[in-house]
Protein chains: 2
Amino acid sequence: MAGKAKHRQPIIDAAVRLFRQQGYAATGLNELVDESGSPKGSMYHYFPEGKPSIAVAAVEEAGRRVVETLETLAGKSGSTGDLLRSHAALLAGWMEKSGFRDGCPMTTVLLELAPGNFEVAEAGRHAFAARHEVLAEKLRADGMSDGDAERLAMLCTNAMQGSLVQARVERNRRPIVETADLLAELIEARIADQPKGRA
Amino acid sequence: MAGKAKHRQPIIDAAVRLFRQQGYAATGLNELVDESGSPKGSMYHYFPEGKPSIAVAAVEEAGRRVVETLETLAGKSGSTGDLLRSHAALLAGWMEKSGFRDGCPMTTVLLELAPGNFEVAEAGRHAFAARHEVLAEKLRADGMSDGDAERLAMLCTNAMQGSLVQARVERNRRPIVETADLLAELIEARIADQPKGRA
């Protein structure tokens, strides 16, 4: 089994990459096998329920990566504004490098499959919730109330996601960087306006 | 020709509906024909360049509808905040009615095809620009500077788009309504903070 286990992660990694660039429906199982460099049998071994179960694993993996990236950046960022700006710079760099073919590794799959596929929708819901929590923690550290931190975390996630779509159609990093900049400004103003704000 | 011309719009309408609910790649030409109620020949007559050209027409049509909706709501709304809230209520109603299968009629197609397909990307860019302009005009009427109006219009569009993805995975109208509410609050605070704000 150990010999086969090594192929599970390459299949998921290939799915994250291909689903992000071209979507779920456009990606065939053979393409996934080729891209992952795994023997065909391993696909059926690890994902006996087929392609939808690969989508679930890909959304979970993509969610983990986003949270890991955000946590690393949060550790180096002085404020939520800094975190948003550094995340935007990273995303913009990745987008440019891919010729604006990359983007959110979950959105396309979620739009194609959720809510029809319950497991995929749930994987997306958990991934977003984990992402919101990293931002909300940073917002609370900035002096935001719990309620405000939750709401702003969701707004930031939604806006950054939308900015990736905008960057694709413009083939330009501007929407990503400007969206993060403006969110940072608005958050800083809200902190300054708070009666007990630390700003 | 007049007899055939009547089938063009039903094909585009069917494409908007199906691409929005299940994406571009998952929608077959036969499904489009069936959904539109058009004879198969009309598909090749109006879209001799095939499915990608239907995607362009669908993105253009979807963009027109969003702008039309926003313009109608803008005419009835006292401020940008009102406009965002009434648009969110409308979107949330549509999403609920569709069992959270609907969403932005352009995003899935754009994520699947742009930037690889230049024409689709351009149709998306123009559609977003027209949408931004309706919001920017309302923001200027609220007393925002040109630069601020442009930036906030893009932020609002991006955030509302993201909220539709979130609503799908949560199978709940909350992300849509809360995102619009928070945007409205932030915009109102920014207007109040402006040296020459009308608020």
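Author: Helix 10 (residues 174–193) of chain A and helix 9 (residues 146–170) of chain B have axes that come within 10 Å and cross at roughly 100°. That angle makes helix 10 of chain A roughly perpendicular to helix 9 of chain B. On the chain A side, the touching residues of helix 10 are P175(A), E178(A), T179(A) and L182(A). Helix 9 of chain B answers with R151(B), M154(B), L155(B) and N158(B). Sort the residues of this contact by class and you get 4 nonpolar, 2 polar and 2 charged. Keep in mind that this is a predicted model.

Now zoom out to the whole contact between the chains. Chain A puts in 44 residues and chain B puts in 43 residues. On the side of chain A that touches chain B, helix 7 (107–113), helix 8 (118–141), helix 9 (146–170) and helix 10 each supply at least two residues. Helix 9 of chain A gives the largest share of that side, with 15 residues. By class, the side of chain A that touches chain B has 19 nonpolar, 15 polar and 10 charged residues.

How do the two copies relate? The same surface serves both copies, since 98% of the contact residues of chain A recur in chain B.

Next, the nonpolar core. The largest one has 125 residues, and V59(A) and V59(B) touch the most other members. Leaving out residues up to four places away in sequence, V59(A) touches M106(A), V109(A), L110(A), V120(A), A123(A), G124(A) and A127(A).

Most residues other than glycine have a negative phi, and most peptide bonds are trans. Here, though, the peptide bond from A114(A) to P115(A) is cis, with omega near 5°. P115(A) is in the loop between helix 7 and helix 8 of chain A. Over in chain B, a cis peptide bond joins A114(B) and P115(B), with omega about 0°, and P115(B) is in the loop between helix 7 (107–113) and helix 8 (118–141) of that chain.

Then look at phi. F100(B) is not a glycine, yet its phi is positive, about 65°. You'll find F100(B) in the loop between helix 6 (80–97) and helix 7 of chain B, and it counts as buried because it has 22 C-beta neighbours inside 10 Å. R171(B), also a residue other than glycine, has a positive phi near 50°. R171(B) lies in the loop between helix 9 and helix 10 (174–193) of chain B. With 17 other C-beta atoms within 10 Å, R171(B) is partly exposed.

One last stop is T27(B), in the loop between helix 2 (8–22) and helix 3 (29–36) of chain B. T27(B) counts as buried, because 23 C-beta neighbours sit inside 10 Å. Not counting residues up to four places away in sequence, T27(B) touches L18(B), F19(B), Q22(B) and L32(B). T27(B) and K51(B) are 24 residues apart in sequence, and their C-alpha atoms are 9.7 Å apart in space.

Conventions
Residues are numbered from 1 along each chain as its sequence is written. Chains are lettered from A and ligands numbered from 1 in the order in which they are written. This is a predicted model: local features need pLDDT of at least 70, side-chain atom pairs count only at pLDDT 80 or more; totals for chains, interfaces and linings use all residues. Axes are lines fitted to C-alpha atoms, for helices over the stretch in contact, and angles run from 0 to 180 degrees between N-to-C directions. Helices (H or I, at least four residues) and strands (E, at least two) are DSSP runs, numbered from the N terminus. Angles under 35 degrees count as roughly parallel, over 145 as roughly antiparallel, 65 to 115 as roughly perpendicular and the rest as oblique. Two residues are in contact if their C-beta atoms, placed from the backbone, lie within 7 Å. Ala, Val, Leu, Ile, Met, Phe, Trp, Tyr, Cys and Pro count as nonpolar, Asp, Glu, Lys and Arg as charged, and the others, Gly among them, as polar. A residue is buried if 20 or more other C-beta atoms lie within 10 Å of its own, exposed if 12 or fewer, and partly exposed in between; C-beta atoms are placed from the backbone. A nonpolar core is a set of buried Ala, Val, Leu, Ile, Met, Phe, Trp, Tyr and Cys residues joined through C-beta atoms within 7 Å.
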